[in-house]
Amino acid sequence: MSDETGPEETTDLARRCAEAAQDLVSSPPTDGCVVDEVRAEGEQVAIVFRWHDAPHPFVIRLAADDGVYGVWTPETSVEEPGWPEAWALDTRYWLMEELDTGYAARARRRPDGHRVELLPPEPRVDLPPRPTTDLDISPVPQYSPAVPPEVLQRWAQMVESGVEGPVTIAWMGDATAEPGDGLTDGAHLTEVGLDAAAARRLRQEGELGAWLQATPDDEHAGWAGHVVLGTARDGVVPVLLLETSPDAPQGTRDALLAGAVVQAEMLGGRTLVVDDEDGHREISTSRLDG
């Protein structure tokens, strides 16, 4: 384990917290996450990991003197002997929740050697703000959602142990939902003139990598657009379809492409290829915007 990566001196607290969190390497916090290294850096602990098929390794840095999830007891503090273990447990649950709910897609990013550092989505005073938009980019629902049994078991164990987590009765109920036949997936998009049938056809042909939709914050404004990605081949993911509705707000195409870049990375692509009225573009999926 490397104690430091620069001139900043590694603190004893950061070193102890990093040592307490070493089990993340042998026992990752959630499915799809492989932790390569946990090390102390100055007053922080760096967690280097891989996420699903993303080609870039990620790094998250957390302060050793602050918890992020709230697992520790009120009596536990930095001065207490049990703080490193409480910090490590807290970090494990934070990583599990955040990664399972899309942190790799939401986070801001900046280069970190051959890695990509993930930073909190909200702008910080020492970082340039990410452009904001009044659009929500999300996957187009396909079939009824089903929660994998191993995820249900993991959360059930957390609830049993007294740890509060983002478990709702409705979410748990999704586990028993019957999948649909897929023939009407995206039907809501056709109401504003978007070609959902093309996406379903690409899926049937085995060419669908991802399907995203844009929704304005104003739910009464209707659907703004969608983008269909192909599968990754040799690190390249193509945009097969990009449409916006007649009443789509300005910036919809850019917002869809930004979401497509993240999805392309999750599909294992290093490059997103776009051919449209703006010409041929190749966009790196590292999306280093910090």
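Accessible areas here come from the Shrake-Rupley method with a 1.4 Å probe, and for residues only the protein chains shown count as cover. On that basis the protein exposes about 15100 Å², with carbon and sulfur atoms supplying 50% of that area.

This is a predicted model, in which local features need pLDDT of at least 70 and side-chain atom pairs count only at pLDDT 80 or more, while totals for chains, interfaces and linings use all residues. Residues are numbered from 1 along each chain as its sequence is written, and side-chain values use heavy atoms, with hydrogens and water left out.

The overall picture, then. The secondary structure comes to nine helices and eleven strands; helices (H or I, at least four residues) and strands (E, at least two) are DSSP runs, numbered from the N terminus. Of the 290 residues, 42% count as buried. Buried means under 20% relative accessible area, exposed means over 50%, and partly exposed is in between, again with the 1.4 Å probe and protein chains only. Contact means heavy atoms within 4.5 Å. Among contacts between residues at least 6 apart in sequence, 53% join residues at least 24 apart.

Next, a helix pair. The axes of α1 (residues 12-20) and α3 come within 8 Å and cross at roughly 55°. Because of that angle, α1 is oblique to α3. Axes are lines fitted to C-alpha atoms, for helices over the stretch in contact, and angles run from 0 to 180 degrees between N-to-C directions. Under 35 degrees counts as roughly parallel, over 145 as roughly antiparallel, 65 to 115 as roughly perpendicular, and the rest as oblique.

Which residues meet there? From α1 they are Leu13, Arg16, Cys17 and Ala20, and from α3 Trp83, Pro84, Glu85, Trp87 and Ala88. By class, this contact has seven nonpolar, no polar and two charged residues. Ala, Val, Leu, Ile, Met, Phe, Trp, Tyr, Cys and Pro count as nonpolar, Asp, Glu, Lys and Arg as charged, and the others, Gly among them, as polar.

Staying on α3 (residues 83-100), Arg92 is placed in this helix. Is Arg92 buried or exposed? Its relative accessibility is 15%, so Arg92 counts as buried. Not counting residues up to four places away in sequence, Arg92 touches Asp23, Leu24, Ser27, Pro28 and Pro29.

Last, Asp136, in strand β6 (residues 135-139). With a relative accessible area of 41%, Asp136 is partly exposed. Leaving aside neighbours within four places in sequence, Asp136 is in contact with Gln213, Ala214 and Thr215. Asp136 and Ala214 are 78 residues apart along the chain, and their C-alpha atoms are separated by 5.6 Å.
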